[in-house]
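Here is a friendly walk through charged and aromatic side-chain contacts. Please have the chain open beside you as you read.

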Amino acid sequence: MHDESLFFPALLAATRPKTLMAAALPVFLGAALAYTTNESFNYILFASIVLSTLCIQVATNLFNDALDSKKGADTDQRVGPKRMAASGILTQQSLIIAGLTFCLMAITFSLPLIVARGIPIIIIGTISLILAYGYTGGPWPLAYKGLGEVFVFIFFGLIAVNGTFYVFTGEISRASLLLGTQSGLLCSIIISINNARDITEDRSSGKLTLAARHGLMFARIEILIVSILPYLLGLIWIPLGYKFTGLIPLMGMPLSGIVAFLIIKNEPSPLYNKFLGLSVIAYLNFSILFYFGLRLQ
């Protein structure tokens, strides 16, 4: 680090602020569904979930920056945004220390959740902290084994939504499982676009994502499927007694479809960074439409 004045701006960039919305939205969705179910809302628990989730996501991003650089998966030639360790702006060690600091912050913020719901929260939190590092580090890094999308689907879909719902209601329902599935698929679009963009660099460094393993055509088909499927699954809300919750989010399907079409039409390039941003907006759009659908029930 040659210029200490750049440390904090670089650290902020390493947290990848643009990705944090995708970590927060499943919590908002789970809380909205819980409120519709029992009409109770605890602001302390809500803040606890949001802050601990964001800290785990930031820690994951910091570990990812450091460990991808160590493994040679990120270089100055990458198509995606500049990484701090690979570009020499921050050291790998400083990023690891920052990541561990955010893990400790996540534990602190989660204490009200542990008091409220006990052992299940401890189990979820422990696994989440381990995989924050294990996503790109450890003896079996998930991102290097083609399990990035599965990780995102499970943790930003099923666990984040159902965990939030459980904190507020003490149970998991068919509705929360359905919403968790939709959320997980919409989140996985983001990592799928990321992997399609980096396919050449990932192959050269041995980072065998699904895109790197099976090719760009596979990645494009995958993105198209996960862009449309969440909205079609939403029709299941109708027999569950949530007609508007199933129908109103369908208005968001064209935006997700456009993102998939742009990925199919264009070769991997810096343009994919814009498409990735659009996929986050599409997820936000779905979340807003879903909320209005719930309110109209």
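Which residue forms a salt bridge with Glu267? Arg220 does, with the closest N and O atoms 3.2 Å apart; a salt bridge here is a side-chain nitrogen of Lys or Arg within 4 Å of a carboxyl oxygen of Asp or Glu. This pair links distant parts of the chain: Arg220 belongs to helix H10 (residues 216–233), while Glu267 sits in the loop between helix H12 (253–265) and helix H13 (271–295), 47 residues apart. Helices are DSSP runs (H or I, at least four residues), numbered from the N terminus. Arg220 counts as buried because its relative accessible area is 9%, whereas Glu267, at 52%, is exposed. The cut-offs are under 20% for buried, over 50% for exposed and in between for partly exposed, with a 1.4 Å probe and protein chains only.

A word on the source: this is a predicted model, in which local features need pLDDT of at least 70 and side-chain atom pairs count only at pLDDT 80 or more, while totals for chains, interfaces and linings use all residues. Residues are numbered from 1 along each chain as its sequence is written, and side-chain values use heavy atoms, with hydrogens and water left out.

| Salt bridge | N to O distance |
|---|---|
| Lys207 – Asp68 | 3.2 Å |
| Arg197 – Asp198 | 2.8 Å |
| Arg220 – Glu267 | 3.2 Å |

Lys207 is buried at 9% relative accessibility, and Asp68 is buried at 2%. Lys207 also lies over the face of Tyr144, at 5.4 Å from the ring centre; this requires NZ of Lys or CZ of Arg within 6 Å of the ring centre and within 35 degrees of the ring normal. In the Arg197 pair, Asp198 is buried at 5% and Arg197 is buried at 3%.

Now to the rings. There are 13 aromatic pairs, counted when ring centres of Phe, Tyr and Trp (its six-membered ring) lie within 6.5 Å; planes under 30 degrees apart are stacked, over 60 edge-to-face and the rest tilted. Phe286 and Phe290 are stacked, at 6.0 Å centre to centre and 25° between the planes. Both lie in helix H13, four residues apart, about one turn of the helix. Phe286 is buried at 0%, and Phe290 is buried at 1%. Elsewhere, ring pairs link Phe28, Phe41, Tyr43, Phe46 and Phe168 into a cluster.

Definitions and conventions:
Helix = DSSP H or I, 4+ residues; strand = E, 2+ residues; numbered from the N terminus.
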